[in-house]
Amino acid sequence: MAEKDFILKNYNKNFVGDKYSWSSPSNIALVKYWGKKEQQIPANPSISFTLDACKTTTTLTCSKKENNTDFSFEIFLDGEKKDDFKPKIQTFFERIEVYVPFLRDYHFIIDTKNTFPHSSGIASSASGMSALALCLMSVEEDVILDGDYSDEYFYKKASFLARLGSGSACRSIEGDLIVWGKHKEIPNSSDLFGVKYPFEVHENFKNYHDTILLVDKGEKQVSSTVGHNLMHDHPYAKQRFAQAHENLSKLVSIFKEGNLKSFIEIVESEALTLHGMMMTSMPYFILMKPNTLEIINKIWRFRQDTDLHICFTLDAGANVHILYPEKEAKEIYEFINNELVVYCQNGHYICDRIGFGAKKIS
Ligand code: PMV
């Protein structure tokens with residue numbers, strides 16, 4: 001599918017408006033997206049586990065307005081008006097207007113809440129943008145006059161719109177493993193939206209756990225937009241993008257065979273490469289904190305001592321996602337609780353696991 005297939009052409013201009021609610025989860029990348037072209041097109045393919053507990057619930061109220069000159073919207077987070085979110089939504093609306101041309105016909109109230117604390121250092125952009133994109137798709141479903149309107153199209157376009165809000169948000173619509181970005185071995189993979197991982201996945205990877213250790217709850221030092229842009233003139237960009245393709249290829253047989261050791265190697269290498277790219281860009285930066293390294297070293301020691309399949313991954317920040325299989329969950333959770341929680345800010349962490357995507361709330 002191409003961009004033009006997502007343009008809504010005819011719609012019912014007499015629709016007065018309604019209220020829609022969706023909850024959408026966060027996701028954690030195994031092969032990382034870092035570097036993009038115009039219009040949030042990724043420089044390399046990525047794959048993620050969709051999460052379950054970390055999610056955003058958004059209620060969108062739309063009401064027909066008199067004139068259709070400007071975008072008109074208000075945003076609330078946990079019931080509190082958030083004017084500082086407006087520029088991000090304004091940019092999002094500008095980017096998606098060509099695909100959802102009804103935006104200027106309505107006044108929107110965007111009422112949103114996250115299951116995780118706003119200041120936890122967990123990015124809410126993936127869950128937040130995907131929840132909003134889904135609400136807008138529900139509006140589209142009510143104003144559409146003709147055309148093939150399958151569930152498949154609905155979710156594909158939701159992912160397409162979410163991508164234009166925040167790249168990785170396109171991987172949050174469905175679950176449990178989502179690929180975003182064209183890859184030669186993944187049929188129907190696309191730079192425009194996320195697709196479900198289409199091949200066999202071994203039992204070992206079902207119900208995988210992700211315990212998120214909140215090492216630093218502060219504001220991000222570097223926005224992801226700035227970070228992605230630093231890949232443009234990065235001396236190692238070409239090799240990095242090629243490596244992401246290779247790692248995704250390797251994961252295909254790893255997922256099929258249930259090879260946890262090889263999975264760990266790829267996932268940890270991806271996390272450290274992401275941070276390696278940040279440390280070697282110009283300007284350079286370090287987003288890990290001393291406690292991030294303490295946790296990584298403890299995980300490595302514990303893995304060596306026990307042969308259990310615990311590993312870590314990182315986003316563009318200091319928090320550590322600890323990934324482990326269901327069948328080893330009891331011992332690993334005990335270790336986290338006894339030995340790692342001390343490195344978390346105020347002892348805070350979140351127990352999450354692989355999930356199956358967004359849900360409509362009626
Ligand atoms: O969606 P963005 O633009 O915030 O970028 C997210 C990038 C990483 O979280 C670091 C990696 C990824 O693939 O999710």
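Select Q39 to begin, and you will find this residue in the loop between strand 2 (36-37) and strand 3 (41-42). As you look at its backbone, bear in mind that this is a predicted model, and that Q39 has a positive phi of about 60° although it is not a glycine.

Next, colour the chain by its domains. The domain assignment of the protein gives domain 1 as residues 3-197 and domain 2 as residues 209-353, and the centres of domain 1 and domain 2, taken over C-alpha atoms, are separated by 26 Å. How many residues of domain 1 are in contact with domain 2? There are 32 residues of domain 1 in contact with 40 residues of domain 2, and between them domain 1 and domain 2 bury about 3,000 Å², with 69% of that area on carbon and sulfur atoms.

Select helix 1 (residues 86-96) together with helix 3 (residues 151-165), whose axes come within 9 Å and cross at roughly 130°. That angle makes helix 1 oblique to helix 3, and the crossing of helix 1 and helix 3 is right-handed. If you now show side chains, look for K88, F92, R95 and I96 on helix 1, which make the contact with L161, L164 and G165 of helix 3. Sorted by class, the residues in this contact of helix 1 with helix 3 are four nonpolar, one polar and two charged.

From helix 3, follow the chain into the loop between helix 3 and strand 8 (177-180), where D176 has its place. Zoom in on the backbone here, for the peptide bond from G175 to D176 is cis, with omega near 0°.

Now move to helix 6 (260-279) and the loop between helix 6 and helix 7, in which P283 is found. The peptide bond from M282 to P283 is cis, with omega near 0°.

How do the axes of helix 6 and helix 7 cross, and within what distance do they come? The axes of helix 6 and helix 7 come within 14 Å and cross at roughly 165°, and helix 6 and helix 7 are therefore roughly antiparallel to each other. Helix 6 passes helix 7 in a left-handed crossing. To see where they meet, display I264, E268 and L272 in helix 6 alongside I299, W300 and R303 in helix 7. The contact of helix 6 with helix 7 is made up of four nonpolar, no polar and two charged residues.

On helix 7, pick out I295, K298, I299 and F302, which meet E331, I332, F335, E339 and L340 in helix 8. By class, this contact of helix 7 with helix 8 has six nonpolar, no polar and three charged residues.

Technical notes:
Residues are numbered from 1 along each chain as its sequence is written. This is a predicted model: local features need pLDDT of at least 70, side-chain atom pairs count only at pLDDT 80 or more; totals for chains, interfaces and linings use all residues. Side-chain values use heavy atoms; hydrogens and water are left out. Contact means heavy atoms within 4.5 Å. Helices (H or I, at least four residues) and strands (E, at least two) are DSSP runs, numbered from the N terminus. Ala, Val, Leu, Ile, Met, Phe, Trp, Tyr, Cys and Pro count as nonpolar, Asp, Glu, Lys and Arg as charged, and the others, Gly among them, as polar. Domain bounds come from an automatic or database domain assignment. Buried area is the accessible area (1.4 Å probe) that two parts lose on being put together, summed over both. Axes are lines fitted to C-alpha atoms, for helices over the stretch in contact, and angles run from 0 to 180 degrees between N-to-C directions. Angles under 35 degrees count as roughly parallel, over 145 as roughly antiparallel, 65 to 115 as roughly perpendicular and the rest as oblique. A crossing is left-handed if the near helix is turned anticlockwise from the far one by less than a right angle, and right-handed if clockwise.
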